[in-house]
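Biologist: I would like to learn how to read a structure like this one. Could we go through it feature by feature?

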Amino acid sequence: MNLRYVYQELTRRKRRTVIAVIGLSIGIALLVILNALSLAYHEAARAPLKEIGADITVQRPGNVPEEMAGAVFPCSAVTIKKDEIDRVGKLPGVRGMGTALLLWVFDPNRAWTVLGIEQANPVGPSLLKNFVAEGRYLEAGKPEALVEAAFARQFGIKTGDTISVAGRSFPVVGLVDASQAAKIAVANLYLPLAEAQVIAAASQPLQSVSPFAMGDVNLLFIRADQDKIADLAATVKGLMGPKTAVATPDSFLKLLGSFFAVSDKFTFIASLIAILIAVLIAFKTMAGNVAERMREIGVLKAVGWTRRDVTLQLLTESVVQCLIAGILGLACAYAAASALGFMTVSIPIPWEMSPTPHFLPGGGAPVFKTLRLPVHIPWTLAFFAVLLSTVIGGLTGALLGRRISKIKPSEVLRHE
Amino acid sequence: MNEAILVGADLTKTFDKLTVVRKASLSVGEGEFVALVGKSGCGKTTLLSLLSGLERPTSGRVTIAGKEISGATEDELALFRRENVGFVFQSFNLIPTLTAWENAALPLFPVQMTTEERHRRAAELLEKMELGDRMEHLPATLSGGEKQRVAIARALINHPKIVFADEPTGNLDTATGDAIMAILNRLHREQGMTILMVTHDTEMAKTADRVVRMQDGEVLS
């Protein structure tokens, strides 16, 4: 193989080289960007759960409270027993767990959405501590409350006030701007989990719908091994009953509705088509090139080039051409990814995951998690694309080179 | 005639049912310039192909520089041609994307050698062909005569034992053809180059040491 000859062939047959490189690079760019988009939607779908440090949320829907008085469960989240939590915690693939207790409390003069949280557990709503707008975060072991800032403004609640909820009093130690925090498991009032459990256990209307004991909760957050999320979700559902609502990133992916989001098959088939286009372009261009150069190859053989010399020459030309196409395709894909990164995507949060009473202001309004589509091209995908392009070049060059190198010089030079 | 460097004995070549060369025998001595003449279609080029190892005979034997090549494989023939044989074709057959010096050095491309050495050898030959100022030119920018001189340089670059020329002036005007013949004659005269030339031009053939005639696939004299 002679690199000078390779260089001259590629640069002095510019039109052919440019057509081949552009054609192939489009195929490679399509392949990369389709997969990058698919990955971006998958990553976006992880965002709502990632915000609360979890990969899976578990709720058990129940009956509608018979009367809206005192502390009740939202119908989307009734009791999860302590022994069920313990059993889930022992499942393979579980890397961490968090719990919370979401209540609707109807006091005579005010309705609250109350969330009992584990203050220090990184899995669950404890990320609220990063969004304290005034005052401080809840301290361990103290019966105190955080109030959502907008709610506090609406009802004139200030840090330092004492509020009464379901007959229990709590000093307000801080205001939290929940609009900046997660969209899942949001409330007007945040209490230590143990305090919320006391309220729930003492509530007759709640007990009549779903028996509740201290240690029970109604929201379960699971952090899982990434490759085991789907299996673990199925196991949890099996363990806790078919009516259990188990949300995973896939649940949000389905809500996104995009082709890229809904179907890995679509991405796979589209990628396959892109690769096929790339292969066909490479093959057609190379085949045309080789057919044009039959006489030239006859001359090479006449002056002493062996079959191996000819094959290696054509193989190198093809590999270099396809490598350039791969790199160009990748560059185009990076440019497209940068442009697509400006797109925003709104992920609808089901009411069940952030339930507020319908009859309260804003109670039935749809909630969205809006974020920029996180399009990026992992190095593994970039490497695969360039490698694939090079392999296509190698196979095409080797196949055509081997075939064309069989020609006898006398056959093509006979007709002067 | 000096000791024979090329011997073709009882060569027959049949394509399907058509016999193009029939029981042809021909010897060329070392340093001899032989012209193979005959009418168009009489089998001259096919015989040249058989004798040069471009084509394998249906029957008969070819020996070049003492080595019988009739039974060699394609690759063995290619390597043999690279080391022993030079070709000059009627239509030059230069590679359009390579410069004059790169075309001249084409047989050396598969040989382990530095680019500088290839360039030096090609430049030396092109200087002799009075193409020193055309070395970086592409074939498309060369005249017919210049192209054929590049082709002659290519034929000589591997120091061949014999040069096969197939109608080397066939695509050239008379004056340019004469100039090319002068180069071939000079090579023969001054360097003792063995040349077997196919031509249908009897005037050109007269410049050779010996003229061999062909008719209907058979060697007459």
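**Reading the strands, a helix and the contact**

Modeller: Begin with chain B, where strand S1 and strand S4 (residues 59-64) run antiparallel and are joined by five bridges. This is a predicted model. Opposite Leu6(B) stands Ile64(B) of S4(B).

Biologist: Over how many bridges does strand S1 of chain B pair with strand S2 of chain B?

Modeller: In general, side chains in a regular strand alternate between the two faces of the sheet. Here S1 (residues 4-15) and S2 (residues 18-29) of chain B pair in the antiparallel sense over eight bridges. Phe15(B) has Leu18(B) in S2(B) as its bridge partner. The hairpin of these two strands has two residues between them, and Asp16(B) takes a positive phi near 55° there.

Biologist: Now chain A. How many helices and strands are in it?

Modeller: Chain A has 14 helices and 13 strands. Its radius of gyration is 32 Å, whereas the globule rule gives 22 Å for 416 residues, so chain A is more spread out than a compact globule. Along the principal axes, its C-alpha atoms fill a box of roughly 105 × 40 × 35 Å. Of its 416 residues, 45% count as buried.

Biologist: Which domains does the assignment give for chain A?

Modeller: Domain 1 is made of 3-47 + 260-413, and domain 2 covers 56-247. The C-alpha centres of these two domains of chain A lie 48 Å apart.

Biologist: What span should helix H13 of chain A have?

Modeller: At 1.5 Å a residue, the 26 residues of H13 (residues 379-404) of chain A should span 38 Å, and the end C-alpha atoms are 37 Å apart, which agrees.

Biologist: Which residues of H13(A) are buried?

Modeller: An α-helix has 3.6 residues a turn, so residues three or four places apart point the same way. The buried residues of H13(A) include Ala385(A), Leu388(A), Ser389(A), Ile392(A), Gly393(A) and Thr396(A). The buried residues of this helix pack against H2 (14-50), H10 (264-292), H11 (294-302) and H12 (307-340) of chain A.

Biologist: How many residues does each chain give to the contact?

Modeller: The size of an interface is often given as the accessible area lost when the parts come together. Here we count residues instead: 23 from chain A and 26 from chain B. On the side of chain A that touches chain B, helix H1 (3-12), H11, H12 and helix H14 (409-413) of chain A each give two or more residues. The residues on that side divide into seven nonpolar, five polar and eleven charged.

Note on methods
Residues numbered from 1 in each chain as written. Chains lettered and ligands numbered in written order. Predicted model: local features only at pLDDT ≥ 70, side-chain atom pairs only at ≥ 80, totals over all residues. Helix = DSSP H or I, 4+ residues; strand = E, 2+ residues; numbered from the N terminus. Expected span 1.5 Å × (residues − 1). Buried ≥ 20, exposed ≤ 12 C-beta atoms within 10 Å, placed from the backbone. Contact = placed C-beta atoms within 7 Å. Domains from an automatic or database assignment. Nonpolar A, V, L, I, M, F, W, Y, C, P; charged D, E, K, R; others polar. Pairing = 2+ DSSP bridges. Rg over C-alpha atoms; globule rule 2.2 N^0.38 Å.
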